[in-house]
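Welcome, and please take a moment to turn the model around before reading on. The notes below are meant to be read next to the viewer.

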Amino acid sequence: MLVVVGSDSRGGAGIAREIETIACLDVRTCLAVSALTVQTQEDALEIQVTQPGLVADQMRAALQANRVAGTKVAMLATAEIIVAAVAAVLREYRAHIDSPDPVLASTSGERFLKQAPSRIMK
């Protein structure tokens, strides 16, 4: 399973939880990291968004190196990541999202997606 996901330094969500959950299904996880966050239970202190090209390159590498049976998207921090990375690579590989899990804000309410995408997958 290819997962496009952010990190959660407190371990409550993100990369850590995706790998744990998918491993319980006896499925191997490959990742494209969309953002690094510094979070506590109360606040998202910092968010470093991964450049869309790097997200796309991570996805391509995962798809080339593995037999990917499904794709899950979670934290897509910017409209550019949605359009320039995820949609573009899925089109390129004729893949689709099997498990959409749009993470738009932290538990404390900090918005991750700062601008609404005008066009996602046309």
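This report goes through the sheet, the helices and the salt bridges in turn.

The model is predicted, so local features need pLDDT of at least 70 and side-chain atom pairs count only at pLDDT 80 or more, while totals for chains, interfaces and linings use all residues. Residues are numbered from 1 along each chain as its sequence is written, and side-chain values use heavy atoms, with hydrogens and water left out.

**The sheet**

Let us begin with the strands. Helices (H or I, at least four residues) and strands (E, at least two) are DSSP runs, numbered from the N terminus. Five strands make up an open sheet of mixed pairing, in the order E3-E2-E1-E4-E5; two strands pair if DSSP finds at least two bridges between them. At the edges stand E3 and strand E5 (99-100), each with a single partner strand, so one side of each has no neighbour in the sheet. E2 and E3 run antiparallel and are joined by five bridges. Here Leu 36 sits opposite Gln 48 in E3.

H1 touches E1, E2 and E4, and its direction makes about 150° with that of E1. H2 touches E1 and E2, with about 140° between its direction and that of E2. Contact means heavy atoms within 4.5 Å; axes are lines fitted to C-alpha atoms, for helices over the stretch in contact, and angles run from 0 to 180 degrees between N-to-C directions.

Which residues of helix H1 (residues 14-24) are buried? They are Gly 14, Glu 18 and Ile 22, where buried means under 20% relative accessible area, exposed over 50% and partly exposed in between (1.4 Å probe, protein chains only). Seen down the axis of H1, these buried residues fall within an arc of 50°, so they line one face of the helix; the arc is that of the directions from the helix axis to the C-beta atoms. Their cover includes strand E1 (2-6) and strand E4 (71-73). Just after H1, Asp 26 has a positive phi of about 60°.

In H3, the buried residues include Ile 81, Ile 82, Val 86 and Leu 90. The buried residues of H3 pack against E1, strand E2 (30-39), strand E3 (44-49), H2 and E4. Just after H3, Arg 94 takes a positive phi of about 50°.

**Salt bridges**

The whole structure holds five salt bridges, each a side-chain nitrogen of Lys or Arg within 4 Å of a carboxyl oxygen of Asp or Glu. Among them are these:

| Pair | Closest N to O |
|---|---|
| Arg 60 and Asp 57 | 3.3 Å |
| Arg 60 and Glu 92 | 3.0 Å |

Salt bridges with shared partners join Asp 57, Arg 60 and Glu 92 into one network. Glu 20 and Arg 17 both belong to helix H1, three residues apart, about one turn of the helix. Arg 60 and Asp 57 both lie in helix H2 (residues 52-65), also three residues apart.

Glu 20 is partly exposed at 43% relative accessibility, and Arg 17 is partly exposed at 36%. Arg 60 is partly exposed at 24%, Asp 57 at 46% and Glu 92 at 45%.
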